[in-house]
Each structure stands twice: as structure tokens, then as C-alpha cells.
Amino acid sequence: MASFRTRHKVAAVEVQVWSDFACPWCALGLARLDLARHEFEHGDEIDVVHRSYELRPRASSSHDQTMVDAVAVKYGTTTERVRERYEHLAALGREVGLVFDFDRVRLGSTFDAHRLAQAARTTPSEEALLRGLFRAYFTEGQLLSDHGVLREVAAAAGLDDGVTDKVLAGDLYAREVRVDEAEAQELDVTGVPFFLVNGSWPIPGAQDVETLVTVLRRAWSRSEH
């Protein structure tokens with residue numbers, strides 16, 4: 001799927017998206033947003049701003065539990081029901097070109113991945129980096145707290161090696177991640193993905209493509225362009 005470069009000019013419509021790389025619905029929501037932008041006749045004038053959000057901000061760097069077991073415990077249900085839910089989610093993913101392999105997912109902190117994504121904001125590498133991080137987590141079973149993994153994903157996306165090294169060597173962009181999360185809290189965001197259109201139109205959840213196209217058209221019709 002072709003990607004859009006963001007913020008190449010002043011856009012008529014801005015869509016802020018809070019998401020986490022450990023959230024399959026976020027991967028699905030962003031893929032659907034991409035399709036909606038392609039379908040919308042003014043899609044190249046939609047400015048998408050990616051914002052950081054951690055589902056588990058105090059997560060350890062790695063966790064021995066499988067994703068299925070962790071979700072079953074969290075929601076007090078059985079692993080069988082979780083697997084049924086994930087089979088459905090995997091089918092939804094295939095509709096938009098995503099591969100979810102939940103048995104391979106390795107749980108752990110996504111904080112450094114978010115810091116790296118912050119470093120890529122507004123650059124030509126941003127879209128590829130975000131896709132690469134979701135793919136590494138949900139398709140390849142990579143641990144996103146592993147700096148070696150993050151370096152590989154960043155390099156494949158075309159992010160400058162020097163930038164990657166500086167981010168991973170210290171705490172660069174930690175504040176930016178926390179600012180995004182604080183803004184989400186102020187907006188009473190309790191789950192992701194969360195879309196905010198033109199700063200005032202909140203849309204929670206991974207909406208279908210048709211709904212997103214409708215939203216973009218309405219926002220466009222109400223904007224000055």
C-alpha cells in the first residue's frame with residue numbers, strides 16, 4: 001500500500017491519532033485510515049499526526065506470558081474465547097493487508113519504540129517506521145524493547161542511523177511521549193486508537209473505512225480550503 005507523507009503543506013484537515021504498537025486495533029485503525037485517505041478525493045490534503053500512547057506504561061522490558069494468556073487473565077475469560085476473538089481480528093487484518101500472528105507476540109515495553117517514532121515525526125521515514133514497528137510486533141514476534149530490533153526497523157524505514165543511535169543511547173523524546181500521553185488523559189482517552197479531527201471532533205476505536213471516509217468528507221466540507 002502506498003503511503004502518504006505528512007505535513008508537506010498546510011492541510012485542510014488534521015487527524016491526530018493516539019495509538020500503541022502493542023495494540024492490534026491500532027494497527028487495524030491506522031491501516032483503515034490509510035485506505036480511507038486513498039479513497040477520499042482530497043486524501044493528499046489530510047494531515048495525520050501520530051501521537052504516543054502506552055497501554056501498559058509501567059510494563060517491564062519483557063514478559064514471559066503469552067499475549068493470549070495475558071488478555072485472558074486481564075479480562076477474566078478463557079484462552080479459548082481470546083483465541084476466537086483473535087481469529088476474528090486476524091481476519092479483519094487480512095482485509096487491509098495486515099498479518100496478525102498472536103502466538104508469536106512477545107510482550108514488553110513499547111516506550112523506546114514510541115521515543116523512536118517521536119524522532120521520526122514529520123520525516124519521510126515516519127510512515128514506514130510506524131508500519132515496521134507494528135509488523136515487527138504482530139507479524140514477526142519481535143520484542144520492541146530490544147534496541148537491536150528497533151535499529152533494524154529504523155534502518156529498514158530509512159531513518160538516519162545517527163538519529164536512531166542518539167535516541168536509543170539516552171532518554172531523548174521521553175518528554176514528548178509523556179506530553180502526548182498527558183494530552184490523551186486530558187481528553188479522557190481510555191482506549192486506543194483514538195482519532196481527533198481538527199482538534200475538536202473525537203472518534204474512538206478502529207472505525208471501518210466507509211465511516212472514516214464519511215468523517216473526512218464532513219471535516220473537509222466544514223474546513224477552510
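## Basis of the description

A residue is called buried when its relative accessible area is under 20% and exposed when that area is over 50%, with partly exposed in between (1.4 Å probe, protein chains only). Helices (H or I, at least four residues) and strands (E, at least two) are DSSP runs, numbered from the N terminus.

The model is predicted: local features need pLDDT of at least 70, side-chain atom pairs count only at pLDDT 80 or more, and totals for chains, interfaces and linings use all residues. Residues are numbered from 1 along each chain as its sequence is written, and side-chain values use heavy atoms, with hydrogens and water left out.

## Helix H8

The buried residues of H8 are Ala-174, Val-177, Asp-180, Glu-181 and Ala-184. They lie on the same side of H8 because they cover an arc of only 130 degrees around the axis, taken from the directions from the helix axis to the C-beta atoms. The face turned away from this buried side carries the exposed residues Arg-175 and Glu-186.

Strand S1 (13–19), strand S2 (46–52) and helix H4 (111–120) pack against the buried residues of H8, where contact means heavy atoms within 4.5 Å. After H8 comes Asp-188, with a positive phi near 60 degrees.

## Packing of H4 and H7

Arg-115, Leu-116 and Ala-119 of H4 meet Val-163, Thr-164, Val-167 and Leu-168 of H7.

The axes of H4 and helix H7 (residues 161–169) come within 10 Å and cross at roughly 140 degrees. H4 is therefore oblique to H7, as angles under 35 degrees count as roughly parallel, over 145 as roughly antiparallel, 65 to 115 as roughly perpendicular and the rest as oblique. These axes are lines fitted to C-alpha atoms, for helices over the stretch in contact, and angles run from 0 to 180 degrees between N-to-C directions.
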